[in-house]
Amino acid sequence: MFYSIRYATKQAFVQVVRNRAMGVASIFSITAILLILGLFFVLVVNINVAVEKAMGDFDTVQICLLDETEYTQTESMMETLGNMKGVTGTTYLSKEDALQDWKADWGENARMLDTLADNPLPNSIIVAVSELTDANAVAEKAGTLEGVEDVIYYKETVEKLVKITDFMQMAALIIMAFLVIVSIVVVSNTIKLTVFARAREINIMKYIGATNWFIRGPFLIEGMLIGLVSALVSTGVVALVYSKIMSLIANEIFTILQMPMVPVEFLVFNLIWIFIALGVSIGAFGSIVSMRRFLDT
Amino acid sequence: MIKFDNVTKLYNSNVGLQNASIEIAKRDFIFLVGPSGAGKSTFIKLILKEIDADSGKIQVNNQEITTLSNRQIPKLRRSIGIVFQDFRLLPKKTVFENVAFAMEIIHMSPRAIRRQVPQVLSLVGISSKASKYPDELSAGEQQRVAIARAIVNNPTVLIADEPTGNLDPDTAWEIMRLLEQINLRGTTIVMVTHAKDIVDKMGKRVVAIEKGHIVRDEFGSYGYNNEIPSYRGMYQEGIFNHNVL
């Protein structure tokens, strides 16, 4: 066992060096495919993070109260709502505090709010829920209570976001699966050329009594090496391109969407494992597929 | 050692071998003769389980091989050495490496390889060429390397498929003497040949196959007087001619 692994590894390196051009061609094709996958990955991760953040903002229901509602009445409302399933907390937000928050949000422009003659904001109860589905029930219940003016709750927005991300993830998954199959075909064809070049040797090995795995071993390791190199190259390229893009548009994205982009370190750390796993399995599968015909008997 | 019991192999409707029964004992040295396309290749392919018989039983080393699974084939082939007309050496490996290759394949340790390969090279008489590459050797020397590779793992049977087909008469005789020597050490030898003079002079057991039937099995002579096989015909018939290169 030990000798055969050592033999296979040694042979794989010899083969890679001997078939440099072929190896480089394989590395190019796997890298190209990993880069496309990487593009999808970057998009999906950023959208996921954005949606999660948005959903974090939207997991509250704001119940606006009529100005004439008594505080005791408000307290009993808070108790009723606080006891509902999935509710993690209720806070009272007075109209004065709400105005302060508003001013804080506006920062330098807060002076404009000073000109308001009257505070237009209502007193409100903020109900935090753990699940979006629970928010539905809370909103419905609050609507039936007396002294409630309005219920603000971003149900449709959240549902739309969830739908979009589900769709994006599904689409990305299908495209990724397709690309992985394509890359296996490409790699297996490239490796097939090196197998052809060694058909005589394989033929002799079979007559001498080599097992199929012994014959496959060096090609398998060669495929995995090619996959590994491709993974490293593509991770590097993605990291470079992504950090360049970030330096160009991260500020704009933040201004427009109020959302930071996923930091490059986080992305690269995750991507490198995915790429290595994918690249190595593409290489391994590619070589097994390409060898099949040669090992029939 | 090798036993065929009523073995039939058809290719579509062409006969490869029909109702063939034969027994080859340990230490036998047999010549397999017959016209091109008679069924000699089928016979050898069946021993190596390169093809499967349609009916009948085949035993190699007292083991029924018609029922072997694909997984068990390598083990069978390790007990059989094989030599080809065209030597089949790996051009990028030295003589030593070509022989060592056969041992690497069956997972022998580098130490065992370093010990055994020189012994076999000396047995076949090419110790001095151990570090040469095949294209630096004469045809006879290349065939010696091929024989060394075939016997380095101590097979019980050595199959020689026209081993003298590419050699001049003197060299051919040297190879025959080497095969005889290997036979004396206890290895069964099955040699396919068209070389009438060799068969006649050696006086060994001769099995003649014609149109898929074993037509003669006796000690003595080649028995085909008017057949002068062309080189081309012999090469086309070669059973291992599906080289891609």
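Analyst: Gladly! Keep in mind that this is a predicted model.

User: Which residues make the contact between helix 3 of chain B and helix 4 of chain B?

Analyst: From helix 3 of chain B come B:Val95, B:Phe96, B:Val99, B:Ala100, B:Met103 and B:Glu104. Helix 4 of chain B answers with B:Ala112, B:Ile113, B:Gln116, B:Val117, B:Val120 and B:Leu121. By class, the residues of this contact are 10 nonpolar, 1 polar and 1 charged.

User: What makes helix 4 of chain B and helix 5 of chain B oblique to each other?

Analyst: The axes of helix 4 of chain B and helix 5 (residues 139-151) of chain B cross at roughly 135 degrees, coming within 9 Å. Roughly antiparallel would need an angle over 145, and roughly perpendicular ends at 115. The pair is therefore oblique. Here too the crossing is right-handed. On the side of helix 4 of chain B, the contact uses B:Val120, B:Leu121 and B:Val124, while helix 5 of chain B brings B:Arg144, B:Ile147, B:Ala148 and B:Ile151. These residues divide into 6 nonpolar, no polar and 1 charged.

User: What does chain B contain as a whole, in helices and strands?

Analyst: Chain B has 8 helices and 10 strands. Of its 245 residues, 44% are buried, where buried asks for 20 or more other C-beta atoms within 10 Å of a residue's own.

User: And how many helices and strands does chain A have?

Analyst: Chain A has 10 helices and 4 strands, and buried residues make up 27% of its 297 residues. Among contacts in chain A with a separation of 6 or more, 87% join residues 24 or more positions apart.

User: What makes strand 2 and strand 4 of chain A edge strands?

Analyst: The sheet in chain A is open, with 4 strands in the order 2-3-1-4 and antiparallel pairing. Strand 2 (87-93) and strand 4 (148-152) of chain A each pair on one side only. On average, neighbouring strands of this sheet are turned by 20 degrees against each other, direction ignored.

User: How do you know that strand 1 of chain A and strand 3 of chain A pair?

Analyst: Pairing requires at least two bridges, and strand 1 (residues 60-65) and strand 3 (residues 124-129) of chain A have 5 bridges in the antiparallel sense. For an example, look at A:Cys64, which stands opposite A:Ser124 in strand 3 of chain A. Helix 3 (residues 71-82) of chain A packs on the sheet, where this helix touches strand 1, strand 2 and strand 3 of chain A.

User: How many residues does each chain give to the contact between the chains?

Analyst: Chain A gives 17 residues and chain B gives 17 residues. Helix 8 (199-208) of chain A supplies the largest share of chain A's side, 8 residues. The residues on that side of chain A are 10 nonpolar, 5 polar and 2 charged.

Key
Residues numbered from 1 in each chain as written. Chains lettered and ligands numbered in written order. Predicted model: local features only at pLDDT ≥ 70, side-chain atom pairs only at ≥ 80, totals over all residues. Helix = DSSP H or I, 4+ residues; strand = E, 2+ residues; numbered from the N terminus. Buried ≥ 20, exposed ≤ 12 C-beta atoms within 10 Å, placed from the backbone. Axes fitted to C-alpha atoms, helices over the stretch in contact; angles between N-to-C directions. Contact = placed C-beta atoms within 7 Å. Nonpolar A, V, L, I, M, F, W, Y, C, P; charged D, E, K, R; others polar. Parallel < 35°, antiparallel > 145°, perpendicular 65-115°, else oblique. Left-handed = near helix turned anticlockwise from the far one by under 90°.
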